[in-house]
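Here's a quick briefing on the structure below. Have a look at it first, then we'll go through the pocket, a helix and the cores.

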Amino acid sequence: MTEPSESYRRIWQAVREIPRGRVATYGQIADAAGLPKQARQAGYALHALPRDTDVPWHRVINAQGKISFPPGTRAYKEQRKRLEAEGIVFINGRVDLARHGRSATLDEMLWKPGR
């Protein structure tokens, strides 16, 4: 495997910083990685992850609060299972971004256990 690009490494690091029990959108990850308006590149970077990765890819969803994999596919089921195991609630196939989004209060970011 070739060495990942610097932008991919920054995207992967931004995903690692999503706390357990929270989600972020592809656009938020791109912004956090210093790549504004590059949501698609965030998706490409996650697609390029090695199988044995420690990057919590499952915490990234689309801007509508949905899993981007087609419903019913193995990847969709795996992502949903992982999110639900972290306490993420789906309503009609969507995650409430206001409730589960990565934008936590400063106190939560600094003091929440299990980060």
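How much space lies in the largest pocket? About 640 Å³, going by this model, which is a predicted one.

**The pocket**
- The lining of the largest pocket takes in 20 residues, and L46, H47, W57, F69 and A75 are the ones nearest its centre.
- Sorted by class, that lining comes out as nine nonpolar, six charged and five polar residues.

**Helix α1**
- Along α1 (residues 6-16), the buried residues are S7, I11, W12, A14 and V15.
- Looking down the axis of α1, these buried residues sit within an arc of 160 degrees, so they line one face of the helix.
- As background, an α-helix has 3.6 residues a turn, so residues three or four places apart point the same way.
- What do the buried residues of α1 pack against? Their partners are α2 (26-32), α3 (39-47) and β2 (60-61).

**The nonpolar cores**
- The largest nonpolar core counts 18 residues, and I11, W12, V15, I29, L46 and V60 have the most contacts inside it.
- α1, α2 and α3 each put in at least two residues of this core, with α1 giving the most, at four residues.
- Beyond its neighbours within four places in sequence, V60 touches V15, I18, A24, T25, Y26, I29, L46 and Q79.
- A separate core of eight residues lies apart from the largest one, and it includes I61, I67, L83 and I88.

Key
Residues numbered from 1 in each chain as written. Predicted model: local features only at pLDDT ≥ 70, side-chain atom pairs only at ≥ 80, totals over all residues. Heavy atoms only, no water. Buried < 20%, exposed > 50% of the residue type's maximum accessible area, 1.4 Å probe, protein only. Arc of directions from axis to C-beta. Contact = heavy atoms within 4.5 Å. 1 Å grid on protein atoms, 1.4 Å probe; cavity = no way out; pocket = protein on both sides within 12 Å on 5 of 7 lines; lining within 4 Å. Points joined across faces, edges and corners; volume = space filled by probe spheres on them. Nonpolar A, V, L, I, M, F, W, Y, C, P; charged D, E, K, R; others polar. Core = buried A, V, L, I, M, F, W, Y, C linked by side-chain atoms within 4.5 Å.
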